[in-house]
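Dear colleague,

Please find the structure below.

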Amino acid sequence: MKIVCIGGGPAGLYFGLLMKMRNPAHDITVVERNKPYDTFGWGVVFSDATMDNMRQWDPVTASEIQQAFNHWDDIELEFKGEVIRSGGHGFVGIGRKKLLNILQERCEQLGVNLVFDTDVESDEDFPDADLIIASDGIFSKIRTKYETVFKPDIVVRPNRYIWLGTNKLYDAFTFLFEKTEHGWFQAHIYKFDETTTTFIVECPEHVWQAHRLDLADQAESIAFCEKVFAKNLQGAKLMTNARHLRGSAWLNFQRVKCEQWSLFNGKSHVVLMGDAVHTAHFAIGSGTKLAIEDAIELTRLFVEMGDTAAHIPEVLARYQEVRNVEVLKLQNAAWNAMAWFEVCGERYCDRFEPQQFMYSMLTRSQRISHENLRLRDAKWLEGYEAWFSGGTVMPPMLTPWKLRHLTLKNRIVVSPMAQYSAVDGVVQDYHLVHLGARAMGGAALVMVEMTSPTPEGRITPGCPGLWNDAQSAAFKRIVDFVHGQGDTRIGLQLGHSGPKGSTRVGWEGNDEPLPDGNWPLMAASAVPYGAQNQTPRAMTRADMDTLTGQFVESTRRAAAAGFDWLELHCAHGYLLSSFLCPLTNQRTDDYGGTLENRCRYPLEVFAAMRAAWPTERPMSVRISAHDWTPGGNTDDDAVVIARLFKAAGCDLIDVSSGQTTREAKPVYGRMYQTPFADRIRNEVDIATMAVGAISEADHANSIIAAGRADLCAVGRPHLADPAWTLHETAKLQSRAVTWPRPYESGRVQLYREISNKNRQIPA
């Protein structure tokens with residue numbers, strides 16, 4: 001094959017040499033716009049895993065890189081006068097120029113034709129090429145030319161950064177945080193050769209502008225950064241080699257993601273590679289890693305599927321299919337890490353102590369979890385667990401937590417989950433067994449499913465209510481049982497179904513209307529939940545007053561029944577949620593329009609309930625922090641909603657999302673709603689409960705330890721295992737949880753079996 005690589009960065013060079021190694025008959029050319037030894041930037045970073053991959057595919061190149069790179073395991077944080085270090089992280093740093101020179105030399109050894117100082121304007125400059133690799137960087141001319149085919153999604157991020165270097169040497173991947181009169185600056189630092197260190201300085205746009213750095217040239221910017229980080233630099237100078245950039249050399253990161261990776265231009269197959277097709281933020285140092293692994297994967301597929309021009313179409317199709325999965329994983333992790341650095345000044349720097357700030361930073365990408373940190377540096381993590389608990393080494397999810405006068409024995413909550421098993425709103429023996437079993441399963445708080453203050457407010461005929469004495473007595477029986485079993489607490493979630501009422505029980509059709517016997521619905525506006533659902537009538541002022549009174553009456557009944565916790569359901573498209581969501585609230589009075597107006601009635605209900613609920617007992621509100629559909633509420637709106645409820649006396653926001661319209665398209669994933677809880681907790685300064693796809697202790701420990709939420713609500717795993725908390729704790733071999741006395745012999749056996757199993761697993 002005749003192969004042309006446009007762009008002589010790591011992707012183009014490495015692909016060229018790998019293909020030439022495997023088939024010397026290939027005619028391969030790499031065309032680079034710069035001179036052979038003229039490159040920009042300082043050091044680049046990739047992981048130990050990438051190096052292992054390179055050793056497998058080209059031991060010669062890997063050996064040369066290994067001799068030149070700087071390897072370190074430690075990450076060090078300098079923050080608020082403290083220095084904290086954690087090990088076991090495994091990074092490789094090498095000068096970008098040195099890396100390219102090694103790859104260039106290897107290409108020459110293998111017979112790859114290198115052409116320098118040549119700026120390629122078009123893929124059509126090489127009409128006789130079978131395959132053109134467009135590895136021409138983030139501003140790829142080839143990608144731009146075929147934009148309608150490649151369909152790039154390019155997002156310019158708000159933070160400003162400047163890529164500098166220094167001759168001061170560091171023996172760890174180091175992060176510095178310094179506060180100025182206008183806000184926080186951070187530095188990402190790593191040594192890449194025996195004399196030089198990369199020193200990237202980053203800050204939010206508003207901080208950058210407040211310091212008038214938008215008007216500064218490169219020399220002035222360097223002098224400014226030297227002043228900000230003077231305490232650490234101790235007289236060392238910062239340097240730039242960004243001669244190709246105009247002005248101050250401060251940049252905005254651009255996230256690139258393409259829908260299509262390759263095309264046929266009529267004569268040649270063209271495929272994007274490296275930064276031309278995808279970028280990953282420097283916060284996890286993976287741009288070079290992506291480029292190298294792109295080259296390896298495409299080479300592997302040619303070897304596997306056929307190393308001839310005839311096989312190019314199927315190879316390129318398979319290449320995108322396989323590689324896109326791994327790229328998206330890394331881009332998502334990089335996005336999380338990038339987002340953390342973008343908001344850390346506003347969200348974490350002032351609020352967190354250095355110890356928790358370090359933990360939050362280490363787990364910022366959500367690829368590194370609590371137990372993964374233990375594998376990397378058990379001593380550091382145990383020290384952090386002791387700090388977090390106030391002296392005892394224990395899983396963070398098992399630490400006690402106090403709100404008002406209520407102390408919870410740990411941070412695990414059994415989510416309120418509809419069981420559709422009530423009769424005329426009265427909970428049955430089923431509920432006693434269901435809730436009682438989970439109360440004995442180790443969780444600190446068991447929440448009863450959404451309970452209506454009126455018959456018409458039930459979701460289904462099988463949902464519970466609290467409007468009469470029979471219902472009160474049935475609930476009191478369950479509350480008394482839970483309290484009689486030990487130190488687990490029980491809470492009630494009150495809510496009105498609104499436009500989602502009069503529907504079938506879950507196993508007959510979730511949110512589907514009853515075939516007969518429907519009751520009338522009401523909501524903020526006459527907007528049905530879906531075309532198949534009944535259209536509710538818009539509430540009048542009289543309706544609002546009546547319903548508020550009914551909520552208050554149910555609140556008094558809940559207090560008399562002995563519930564420890566009360567939650568108001570304002571999420572998931574139910575009645576109060578229908579006021580909050582702009583897609584379902586079309587009112588033109590004081591209860592519609594602006595977000596503040598849309599919050600007015602839910603706040604009225606909450607305030608009336610709070611006044612009736614005992615002062616010493618906590619009260620929370622569940623909200624949908626994102627509607628996941630155009631025109632709906634976003635997490636920006638959720639912050640405002642949370643602030644308003646906090647001002648009204650709310651103690652905690654139970655942060656869910658979606659389910660407000662049938663058009664919602666949530667982006668699901670592990671702990672996918674936790675970022676909303678994190679933002680509300682640390683920007684509004686109110687306690688939060690994280691919910692959604694939290695299915696193992698590792699998830700809960702990571703969330704609690706990082707300060708992303710104060711409690712973790714675990715739903716479906718508790719349906720499968722009433723003793724989820726006890727069993728997850730046993731997997732950790734922690735004794736920081738109490739089992740019911742009749743079950744203690746089972747505890748001894750379970751811990752022994754898990755311990756024996758762990759000893760049999762090879763390290």
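Tryptophan 380 and tyrosine 384 both belong to helix H14, which covers residues 378-389. They are four residues apart there, so about one helical turn separates them. Please keep in mind that this is a predicted model. The ring centres of tryptophan 380 and tyrosine 384 are 5.8 Å apart. Their planes meet at 10 degrees, and because planes under 30 degrees apart count as stacked, this pair is stacked. Tryptophan 380 has a relative accessibility of 13%, so it counts as buried. Tyrosine 384 is buried as well, at 2% relative accessibility.

This pair brings me to the aromatic pairs in general. The structure holds 35 of them. Another one is formed by phenylalanine 177 and phenylalanine 357, with ring centres 4.8 Å apart. Here the planes stand at 85 degrees, so the pair is edge-to-face; the cut-off for that class is over 60 degrees. Phenylalanine 177 is in strand E11 (residues 173-180), whereas phenylalanine 357 is in helix H12 (residues 354-362). The two are 180 residues apart, and their pair links distant parts of the chain.

Next, the charges over rings. Lysine 500 lies over the face of tyrosine 529, and its distance from the ring centre is 4.5 Å. In another case the ring belongs to tryptophan 613: the charged end of arginine 617 sits over it, 5.3 Å from the centre.

Last, the cysteines. How many disulfides does the count give? The count comes to zero. Cysteine 650 is in no disulfide. The cysteine sulfur nearest to that of cysteine 650 belongs to cysteine 570 and is 8.9 Å away, while a disulfide needs two sulfur atoms within 2.5 Å. With a relative accessible area of 6%, cysteine 650 is buried.

Regards

Note on methods:
Residues are numbered from 1 along each chain as its sequence is written. This is a predicted model: local features need pLDDT of at least 70, side-chain atom pairs count only at pLDDT 80 or more; totals for chains, interfaces and linings use all residues. Side-chain values use heavy atoms; hydrogens and water are left out. Rings of Phe, Tyr and Trp (its six-membered ring) pair if their centres lie within 6.5 Å; planes under 30 degrees apart count as stacked, over 60 as edge-to-face and the rest as tilted. Buried means under 20% relative accessible area, exposed over 50%, partly exposed in between (1.4 Å probe, protein chains only). A charge sits over a ring if NZ of Lys or CZ of Arg is within 6 Å of the ring centre and within 35 degrees of the ring normal.
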